[in-house]
Amino acid sequence: MTGLQAGGSAEDVLAALARTTGDVAAARRVARRFAGIDEGERSALLWSEDPGARLVAVLLLVQAMRERVDRELTEEYLAAAKAERFEDPVLVDLGAEELVGAPLVGGGSTGQLFSLAKSDVAMVRRTAVVATLAFVKQGDAEVALGIVGRLVRERGDTVQSAIGRVLREVGKRASEPALVAFLERQGRWLTPAARATATEHLPAAERDRLRG
């Protein structure tokens, strides 16, 4: 195992993953084991037709970003998203915050997030929404509400479910008054499921009022 931790190939990763249950927890263990894999092999996983390979690749990118902030990791991730390689929302939920949002916190331009929100690809729009969690967790509601405000009328669950999650976190971690004000203005555009998620941590009376 020590040798594999120092490198390994895409084929080694797939063989290791095949001996697991294949869920996210197992993929995390495999990604940690192959943390030293080179960029070419990681790219092969990201662009593989195997869903498990793509899952491990995203986790490898997140690990690399945690070690050293590198915009090339962001671009590698976004290239796959824009090419519609992410069929499973979990690949966005595991990667967007740390790979796309976090590098922008503290001075980076948020223009990229607003550009992503205009994408024709639903998973890229979801990426824009989920990435704003990096700001929300720093107590900043403005960026998240700006992105959500541009996408709130979208009806597809790919984006709506992410909106509900981000709005919930806005109320918990950044500003409950800002969440309430947003919902009073635009909550009618949320799907019932997204509205339920967004309001689940509000006081009962407020929650019932905003759910209508």
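A residue is called buried when its relative accessible area is under 20%, exposed when that area is over 50%, and partly exposed in between, with a 1.4 Å probe and protein chains only. By this rule R126 is buried, because its relative accessible area is 6%. The structure is a predicted model, in which local features need pLDDT of at least 70 and side-chain atom pairs count only at pLDDT 80 or more, while totals for chains, interfaces and linings use all residues. Residues are numbered from 1 along each chain as its sequence is written, and side-chain values use heavy atoms, with hydrogens and water left out. This briefing treats two helix pairs, two buried residues and several salt bridges.

- Two packed helices are described by the angle between their axes and the distance between the axes.
- Helices here are DSSP runs (H or I, at least four residues), numbered from the N terminus, as are strands (E, at least two).
- The axes of α7 and α9 cross at roughly 50° and come within 8 Å; axes are lines fitted to C-alpha atoms, for helices over the stretch in contact, and angles run from 0 to 180 degrees between N-to-C directions.
- The angle makes α7 oblique to α9, given that angles under 35 degrees count as roughly parallel, over 145 as roughly antiparallel, 65 to 115 as roughly perpendicular and the rest as oblique.
- On the α7 side the meeting residues are P89, V92, D93, A96, E97, V100 and G101, and on the α9 side they are M123, R126, T127, V130 and A131.
- This contact of α7 with α9 has seven nonpolar, two polar and three charged residues; Ala, Val, Leu, Ile, Met, Phe, Trp, Tyr, Cys and Pro count as nonpolar, Asp, Glu, Lys and Arg as charged, and the others, Gly among them, as polar.

**Helices α11 and α13**

- Helix α11 (residues 142-151) and helix α13 (residues 176-186) have axes that come within 12 Å and cross at roughly 15°.
- That angle makes α11 roughly parallel to α13.
- The crossing of α11 past α13 is right-handed.
- L145, V148 and G149 of α11 make the contact with A178, F182 and Q186 of α13, where contact means heavy atoms within 4.5 Å.
- Sorted by class, this contact of α11 with α13 has four nonpolar, two polar and no charged residues.
- Seven of the ten residues of α11 are buried, so the helix is mostly covered.
- The buried residues of α11 are V143, A144, L145, G146, I147, V148 and L151, and their cover includes α8, α9, α10 (133-136), α12 and α13.

- R126 lies in helix α9.
- Beyond its neighbours within four places in sequence, R126 is in contact with P89, V92, D93, D157, T158, V159, S161 and A162.
- L104 is placed in the loop between α7 (89-101) and α8 (111-116).
- L104 is buried, because its relative accessible area is 5%.
- Leaving aside neighbours within four places in sequence, the contacts of L104 are R71, S109, T110, Q112, L113 and F135.

**Salt bridges**

- Side chains of opposite charge can pair when their charged atoms come close.
- The structure holds 15 salt bridges, each being a side-chain nitrogen of Lys or Arg within 4 Å of a carboxyl oxygen of Asp or Glu.
- E76 and R42 form one of them, at 2.9 Å from N to O.
- E76 lies in helix α6 (residues 71-82) and R42 in helix α4 (residues 39-46), so this pair ties together parts that are 34 residues apart in sequence.
- Both E76 and R42 are buried.
- E154 and R125 form a salt bridge whose closest N and O atoms are 2.6 Å apart.
- This pair links distant parts of the chain, 29 residues apart, with E154 in the loop between α11 and α12 (157-174) and R125 in helix α9 (residues 122-131).
- E154 counts as buried because its relative accessibility is 19%, and R125 is buried with a relative accessible area of 13%.
- K172 and E169 form a salt bridge at 3.7 Å from N to O.
- Both K172 and E169 lie in helix α12, three residues apart, about one turn of the helix.
- K172 counts as partly exposed because its relative accessibility is 45%, whereas E169 is buried at a relative accessible area of 8%.
- Salt bridges that share partners join R168, E169, K172, R173 and E200 into one network.

How values were computed: A crossing is left-handed if the near helix is turned anticlockwise from the far one by less than a right angle, and right-handed if clockwise.
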